[in-house]
Amino acid sequence: MLEFCKSVLSKVSFDRALFAKELKKSVRWQKKSEIQNLKDWCLNRYGEVYGDVILSTFSNQALIA
């Protein structure tokens, strides 16, 4: 599932709103053991452009879990 989510995020990375929406879904779909890997990948790949979205999404996910 992690690789599928990475693929989807790569495809929607041109649009901020789509990226944010798909990132939220991706976080919900991940096993707890894969969430940190997804966060690290997102920050490494898209941190310069969407760093605020990524950090916000993972912070909100921590509050829900």
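## Helices, cysteines and rings

Let's start with one side chain: Trp-29 is partly exposed, with a relative accessible area of 44%. Keep in mind that this is a predicted model. Phe-4 is partly exposed too, at a relative accessible area of 47%.

What do these two residues have to do with each other? They are one of four aromatic pairs found here. The ring centres of Phe-4 and Trp-29 sit 6.3 Å apart and their planes make an angle of 25 degrees, so the pair counts as stacked. Look at where the partners come from: Phe-4 belongs to helix H1 and Trp-29 to helix H2, 25 residues apart, which links distant parts of the chain.

Now zoom out to the helices themselves. H1 covers residues 2-12 and H2 covers residues 16-29; they pack at an angle of about 175 degrees, with their axes 9 Å apart. Because angles over 145 degrees count that way, H1 is roughly antiparallel to H2. On the H1 side, the residues that meet H2 are Phe-4, Cys-5, Val-8, Leu-9 and Val-12. Facing them from H2 are Leu-18, Phe-19, Glu-22, Leu-23, Ser-26 and Trp-29. Sorted by class, this contact has nine nonpolar residues, one polar and one charged.

Phe-19 turns up in another ring pair. It stacks with Tyr-50, at 4.6 Å centre to centre and 20 degrees between the planes. Phe-19 lies in helix H2 and Tyr-50 in helix H3 (residues 32-64), so this pair ties together parts that are 31 residues apart in sequence. Are Phe-19 and Tyr-50 buried or exposed? Both are buried. They also belong to one aromatic cluster, together with Trp-41 and Tyr-46.

| Pair | Centre to centre | Angle between planes |
|---|---|---|
| Phe-4 and Trp-29 | 6.3 Å | 25 degrees |
| Phe-19 and Tyr-50 | 4.6 Å | 20 degrees |

On to the cysteines. A disulfide is a covalent bond between the sulfur atoms of two cysteines. How many disulfides does the model have? The count comes to zero. Cys-42, accordingly, is in no disulfide. Cys-5 is buried, with a relative accessible area of 0%, and Cys-42 is buried as well, also at 0%.

Note on methods
Residues are numbered from 1 along each chain as its sequence is written. This is a predicted model: local features need pLDDT of at least 70, side-chain atom pairs count only at pLDDT 80 or more; totals for chains, interfaces and linings use all residues. Side-chain values use heavy atoms; hydrogens and water are left out. Axes are lines fitted to C-alpha atoms, for helices over the stretch in contact, and angles run from 0 to 180 degrees between N-to-C directions. Helices (H or I, at least four residues) and strands (E, at least two) are DSSP runs, numbered from the N terminus. Angles under 35 degrees count as roughly parallel, over 145 as roughly antiparallel, 65 to 115 as roughly perpendicular and the rest as oblique. Contact means heavy atoms within 4.5 Å. Ala, Val, Leu, Ile, Met, Phe, Trp, Tyr, Cys and Pro count as nonpolar, Asp, Glu, Lys and Arg as charged, and the others, Gly among them, as polar. A disulfide is a pair of cysteine sulfur atoms within 2.5 Å. Buried means under 20% relative accessible area, exposed over 50%, partly exposed in between (1.4 Å probe, protein chains only). Rings of Phe, Tyr and Trp (its six-membered ring) pair if their centres lie within 6.5 Å; planes under 30 degrees apart count as stacked, over 60 as edge-to-face and the rest as tilted.
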